[in-house]
Amino acid sequence: VKRDSTMFRYGLGVSSNLRKFYNFTNGAKFSTETLSVGPGMSMSYTFKELLDLNSYYSVNFNNNKYSISKFDSNNFVYHSAVLRTTSYWPKNIIFANDLRYSYNPSLSSTFEKGSMLWNMSMSLKVMDDNGIVKLKVYDLLNQQNSTRRIVTGDYIESSQNLVLNQYFILGFTYKLNTLTAKAAKKARKKRNVS
């Protein structure tokens, strides 16, 4: 949807996966059926060349069935949400945020069920926009964790791994291509004249 200097986009989708495994336990063969269904939606908004907003949400439903009565059927849900913002105002400054939230209610109480990752950066265009000085903060809230749940044919495993903690990066980028759009246009005009 485009109107004047704004644009709004949206999307809906669903992914699914059906797998069947054969395993053995105490010499007895059994099968495991795993069905995953993951609907999701996305939205984005652009205002002139000043602001970009992008968001995404998905929920993943998993169902595991076993052909023998030793194992109970297992169901779990996983939520994921993303929000990205980029501002190009004031002139020569780019301010960006990347927020990611994940939630796994099926985990036991000994694990963190939810986790928020917030990365933030600020960039300054210098030297006639050929150079960029950028400061980035990874995991601004310092609460990123890596928790996951694995369901296989004969066991369920929940694990939490140590991940890189909060850190800051200061960087500088310079475009070596000094042929700007105006210079390229002048060069084309010269070629067309001669």
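Strands are DSSP runs of E with at least two residues, and helices are runs of H or I with at least four; both are numbered from the N terminus. By this definition F168 lies in strand β11. The model is predicted, so local features need pLDDT of at least 70 and side-chain atom pairs count only at pLDDT 80 or more, while totals for chains, interfaces and linings use all residues. Residues are numbered from 1 along each chain as its sequence is written, and side-chain values use heavy atoms, with hydrogens and water left out.

The strands can be followed through an open sheet of 9 strands, in the order β1-β2-β3-β4-β5-β6-β7-β8-β11, with antiparallel pairing. Two strands pair if DSSP finds at least two bridges between them. β1 (2–3) and β11 (167–174) stand at the edges with a single partner strand each, so one side of each has no neighbour in the sheet.

Strand β2 (residues 6–25) runs antiparallel to strand β3 (residues 28–47), and 20 bridges join them. One of the residues to look for here is S16, whose bridge partner in β3 is V37.

Further along the order, strand β5 (residues 74–87) pairs with β6 in the antiparallel sense over 9 bridges. H79 stands opposite Y103 in β6. The hairpin of β5 and β6 has 5 residues between the strands, and N92 takes a positive phi near 75° there. β6 also pairs with strand β7 (residues 114–126), in the antiparallel sense and over 11 bridges; in this pairing I94 stands opposite S123 in β7.

D98 is found in strand β6 (residues 93–103). D98 has a relative accessible area of 16% and is therefore buried; buried means under 20%, exposed over 50%, and partly exposed in between (1.4 Å probe, protein chains only). Leaving out residues up to four places away in sequence, D98 touches V82, L83, R84, L117, W118 and N119, where contact means heavy atoms within 4.5 Å. The side chains of D98 and R100 are joined by a polar contact of 3.4 Å. Such a contact is a pair of N or O atoms within 3.5 Å; within protein, one must be able to donate a hydrogen and the other to accept it, and residues adjacent in sequence count only if both atoms are side-chain atoms.
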